[in-house]
Amino acid sequence: MQTSLPLVVDRSGSLPLHLQLAEQFRAAVLDGRLQAGHRLPSTRDLAKQLSVARAVAQAAYDQLQAEGWIEGRTGAGTFVTDVAPLRPAERRRTASAPEPERELLTLRPGIPYIDPTPDPGWRRAWREVSTQSPPRGYDDAAGLPALRTALAEHVGRVRGIACAPENILITDGTVHGLRLLLTVTQRPGDRIAIEDPGYLNAVVAARDHGLRIVDVPVDRDGLRVAELPDDLAAVYVTPSHQYPLGGRLPVARRNELIRWARRTNALLIEDDYDSEFRFDVAPLPALAQLDLDRVVHLGTLSKTLSPALRLGWLVAAAPTVDRLAAFRADSGDWPGWPMQAALLAMLRDGYLDQAIRKHRRRYADRRTQACAALAPYGRVVGQEAGLHITLLLPNHLDDRTLATQARAAGLDLAPLSDYRRTTPGPPGLVIGYATPTTPDLHKALTILTTLLAHPQPPLDGLTHQTAGRPTASD
Ligand SMILES: Cc1ncc(COP(=O)(O)O)c(C=O)c1O
């Protein structure tokens, strides 16, 4: 009996002839050309058909039989077994290819300006890293010792925190540091106060750890310390530039907060968000400078260099740093060597200070531009510092509707309502002026002021839509 399969053998091939045959039979079963129950030619017929020795055909069948593809039935012949053909997994098709996202202009807060031409200082640091061999073995889970030393000097100089390398832990940024801190120091069910309106990623981090969140109102000076209940395990606060309303916690309130924490034994978590960019006077020293036993301070490169670097630091009492490092040593989760080594070079060469000075000048101009354009349409707050201002709007306007309308006009905006949880307050827009190029900032402000000058009634379907999911940078 001849098989109808187009079998071939390649005598010059590297695969033995019996394996070539076996492979072709397998492929035929898999793609359905040979069905279960199909009778195969005898080894004699197959050998004749292909002009090979009968032993070759026999070896091919032996192989296939051993693998379960075929079976010999005494006196009847050789048959394909019931191997359900295994087809390659079907690719899932979406009904239609997704529309490519339109490039939007953005005034969302939280992302610094990224210079398209890297600075010589930046290039020098990375060149230096590239010429070193990586350290042997696992690094210190608290961070590179030399970097911890350099950062202790840095936060002492720029944030007034008198500390030693033992007080520094290198993190992947603020949110990473916060999550680690909550995991190691807080018990699920503990109560943590978070500013309202406030940083949503802090809320998510606390919720993920099973903490109960207490919404605490803020005013133009920041957290309303007098409203903190006494039964809290921790407070998360942005004293340098309250996120998103922009208040700066005054000295009297800082002292009140420390006194409250000492009395109630609560932990204060200072997110030093935006502290590097003050435009009128020098920044106030960090809260942690008042009491490092009570305050854990979180710093980041996200607002000064780039959030994509994923690098930051945590400053705390040495026993806390030790606990966090021990936890990390077990979990294997700490920042990689190249980024740490690069930051070390940047700190040593003064590149970080220099980049901050350069950005500060750029942002000061942009802030002036944004404030001047937006002041006629509401009350601008938080303009003394940082990378964003907040425009408080008249009560009859709906900020989410405005953001949706802005999106339709090509502009991505963050409505203040997205940051509010239970504490009511006026509508507003959180305007980040750092990210766009200068011409794009101009275009974005033109779109926004045109909308604000002629606020449209909400269209059906546009009312109260969230303009975009709050992102990590929100
Ligand atoms: C209040 C606040 N803290 C911290 C960050 C930065 O976090 P990370 O260092 O994790 O990038 C942001 C980013 O937008 C922020 O808004």
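What follows is a chat about a predicted model, going from its domains to its cores, sheets and a few single residues.

Visitor: Hi! Which domains does the chain have?
Guide: The domain assignment gives domain 1 (17-80), domain 2 (105-113 + 354-453) and domain 3 (120-350). Keep in mind that this is a predicted model.

Visitor: How far apart are the centres of domain 1 and domain 3?
Guide: Their C-alpha centres lie 69 Å apart.

Visitor: And what does UniProt place at residues 15-83?
Guide: The unreviewed UniProt entry has the feature "domain: HTH gntR-type" there. In the model, residues 15-83 are 52% helix and 14% strand. The end C-alpha atoms of that stretch are 25 Å apart.

Visitor: Let's go inside. How many residues are in the largest nonpolar core?
Guide: That core has 81 residues, and L228 and L257 have the most contacts inside it. Helix α11 (residues 351-374) gives the most to this core, with nine residues.

Visitor: Where does that core lie relative to domain 2 and domain 3?
Guide: Between them, because both domain 2 and domain 3 give residues to this core.

Visitor: Which residues is L257 in contact with?
Guide: Leaving aside neighbours within four places in sequence, L257 is in contact with L223, V225, L228, V237, L249, L268 and L287. Apart from this core lies another one, of 37 residues, and L298, L314, L324 and V430 are among them.

Visitor: V430, okay. What stands opposite V430 in the sheet?
Guide: T390 stands opposite V430, which is in β17. Strand β14 (residues 388-392) and strand β17 (residues 428-432) run antiparallel and are joined by five bridges.

Visitor: In what order do the strands of that open sheet come?
Guide: The four strands are in the order β13-β14-β17-β16, with antiparallel pairing. β13 (379-381) and β16 (414-415) stand at the edges with a single partner strand each, so one side of each has no neighbour in the sheet.

Visitor: What about α11, which strands does it lie across?
Guide: α11 lies across β13, β14 and β17, and runs at about 10° to β14.

Visitor: Switching topic: what is the strand order in the open sheet of eight strands?
Guide: That order is β5-β12-β11-β10-β9-β6-β7-β8, and the pairing is mixed. Here β5 (168-171) and β8 (222-223) are the edge strands; each has a single partner strand, so one side of each is left without a neighbour in the sheet.

Visitor: Do β9 and β10 pair in the parallel or antiparallel sense?
Guide: β9 and strand β10 (residues 267-271) pair in the parallel sense over four bridges. V237 has E270 in β10 as its bridge partner.

Visitor: Which strands does helix α7 lie across?
Guide: α7 lies across β6, β7 and β9, running at about 165° to β6. The buried residues of α7 (residues 200-208) are L200, A202, V203, A205 and A206. Their cover includes α6 (174-185), β6 (191-196), β7 (212-219) and β9 (234-237).

Visitor: And what comes just after α7?
Guide: G210, which takes a positive phi of about 80°.

Visitor: Last one: where is A318 found?
Guide: A318 is found in helix α9 (residues 318-331). Its relative accessibility is 26%, so A318 counts as partly exposed. Not counting residues up to four places away in sequence, A318 touches E166 and N167. A318 and P116 are 202 residues apart in sequence, and their C-alpha atoms are 40 Å apart in space.

Note on methods:
Residues are numbered from 1 along each chain as its sequence is written. This is a predicted model: local features need pLDDT of at least 70, side-chain atom pairs count only at pLDDT 80 or more; totals for chains, interfaces and linings use all residues. Side-chain values use heavy atoms; hydrogens and water are left out. A nonpolar core is a set of buried Ala, Val, Leu, Ile, Met, Phe, Trp, Tyr and Cys residues joined through side-chain atoms within 4.5 Å. Buried means under 20% relative accessible area, exposed over 50%, partly exposed in between (1.4 Å probe, protein chains only). Helices (H or I, at least four residues) and strands (E, at least two) are DSSP runs, numbered from the N terminus. Domain bounds come from an automatic or database domain assignment. Contact means heavy atoms within 4.5 Å. UniProt positions are given in the numbering used here, feature names are shortened, and annotations may be inferred rather than shown by experiment. Two strands pair if DSSP finds at least two bridges between them. Axes are lines fitted to C-alpha atoms, for helices over the stretch in contact, and angles run from 0 to 180 degrees between N-to-C directions.
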